[in-house]
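This report describes selected packing features of a structural model. The sequence and structure are shown first.

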Amino acid sequence: MNSLIKLELTRALRNRRFLFFSVIYPSVIFLLVSNQSGNVGGSGLSVAKYVMVSMASFGALTAVLMGNSERIAKEREGGWVRQLRLTTLPGRGYVLAKTAGAAVISLPSIVVVFLVAAAVKDVRLDAWQWLALTGAIWAGSLVFAALGVAIGYLASGDAVRPITMIVYFGLSILGGLWMPSSTFPGWLQDIAKWLPTHAYAALGRAIEQSQAPHAQDIAVLVAFFFLFAGGAAWLYRKDTLKA
Amino acid sequence: MTTTAKAATGTPVVGFDQVSKTYGTVRAVDGLTLALHPGETVALLGPNGAGKSTTLDLLLGLKNADSGSVKVFGTSPREAIVAGRVGAMLQSGGLMDEVTVAELVRLGCDLHPRPYKPADVLARAGISQIADRKVNKLSGGQAQRVRFALATAGDSDLIVLDEPTTGMDVSARQAFWATMREQADQGRTVLFATHYLEEADAIADRVLVLHRGRLLADGTAAEIKAKAGARRVSFDLEGPIDEAPLRDLPFLTSLDVSGQTVRLQSADADATVHALYGLGLYPRNLEVAGLGLEQAFVAITAAEEAKQS
């Protein structure tokens, strides 16, 4: 299985467009959006700190969601998944390799945003906070990696890209990764706080505020993880019987 | 190592026992029973929709049978694959995009418990020159050879090929079968499905004819030709032709009259022609020729359909 992970990685690192959107693009948005001074309402965090966590989360989301859903759908249709079933690779090996491949790309997409924030916008945090932030955002991205796999097994052909896009932009915008959800009307805020992306960014902000993460955010993330991973496993099994 | 394993076990390489598989109302495979033995080169022959691909899918564990049992080397198909005993090349088998041929073949070798060296696998499949090319930039025939390389990345005892020469030109096809014969000569069992009937005739020791999910014929190519009516007879007659007495000719398997020309197939051409003279007819331009496997195949299939309707 390691050789498949290695090959998935080689391929991901060769794909410049994917690397740009998952590693460079979030930092570019960070620089464009973090120009305002002052604090983001209610959070007590500077705009730069607030947006840094948003964009690190957004970058990780891009890395784990965008590549895999489309690849899996295509490779199911193209028969590569069938071909792999004729090898000694265990059934879950394919999905694990895809997830591992995405995780390796999501790490630099998080770290690059932090480096840009620290170097250009003078964001300063304690060492433990940097480490905890990296760890929390990286680990949290697994929720969305599971979602990417589920979409890859759910959608096919021409449908996978629009579905991924809707889910991706919907979760990013409504979850408050692009603009603080505190700027939303009240009814939308009520919806937003139950979204996994909202909980995901809230995790990082709690660390910046030197607070323990809110129990509700953790619960939301865990619930969505089981929902997405369970859905992915169910769809995977269905696909295996069909193939 | 492969030979000792084969000598030690009397179990067939592949054993289907009363296997059925239904999709909706279509019985793709219908009570199929067959056994493949070590070292055989077997062709699986049948028209589209005969159940060839489903049979191979069942054999490889990609699909589960509704009833009956499928054993490969006495175990489940998946166990046989995990043990590295089966190498397979499917028509529907895709390749990983955006990696090079060499990278993909190396992966195939890494995933086999008894791998060959990637360079040797590339050379044997005739793709060393395109090793650095991206997989998604290959022609259909080149992609087929990459699939073949993946099927032969390690020391497997059974090689399964689904219409392997699709997309290859004539010279590539000949080169492919030469490579395949080497595999067979090393004592491997080879099973291939094909539309190219002359391939089955030229390459296989044994031909399985599949029709509507059932085994219609099982024998050497020569036996199948004999079964369908061994000879094709054609001649011209003068004057108006009365078909009724012709239809009663002995050993006749098919009859076609167009204009003054009569074409028929016979299981015993000598007896048929003798009876023809016995009718008082005087056939001109008499020709007797052997049937190719293709005609034999059409005849068997047509006879089966006539029996059913």
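## Helix 4 of chain B

Nine of the 10 residues of helix 4 of chain B are buried (20 or more other C-beta atoms, placed from the backbone, within 10 Å of the residue's own). These are B:V101, B:E103, B:L104, B:V105, B:R106, B:L107, B:G108, B:C109 and B:D110. Their cover includes helix 1 (2–14) of chain A, as well as helix 5 (118–124) and helix 6 (140–151) of chain B. Helices are DSSP runs (H or I, at least four residues), numbered from the N terminus.

## Basis of the model

The model is predicted; local features need pLDDT of at least 70, side-chain atom pairs count only at pLDDT 80 or more, and totals for chains, interfaces and linings use all residues. Residues are numbered from 1 along each chain as its sequence is written, while chains are lettered from A and ligands numbered from 1 in the order in which they are written.

## Interface of chains A and B

In total, 21 residues of chain B are in contact with 18 residues of chain A (C-beta atoms, placed from the backbone, within 7 Å). On the chain B side, helix 3 (77–82) and helix 4 (101–110) each supply at least two residues, and helix 4 gives the most, with three.

## Helix pair in chain A

Helix 2 (residues 16–33) and helix 5 (residues 93–120) of chain A pack at an angle of about 30 degrees, with their axes 8 Å apart. Helix 2 of chain A is therefore roughly parallel to helix 5 of chain A (angles under 35 degrees).

Definitions and conventions: Contact = placed C-beta atoms within 7 Å. Buried ≥ 20, exposed ≤ 12 C-beta atoms within 10 Å, placed from the backbone. Axes fitted to C-alpha atoms, helices over the stretch in contact; angles between N-to-C directions. Parallel < 35°, antiparallel > 145°, perpendicular 65-115°, else oblique.
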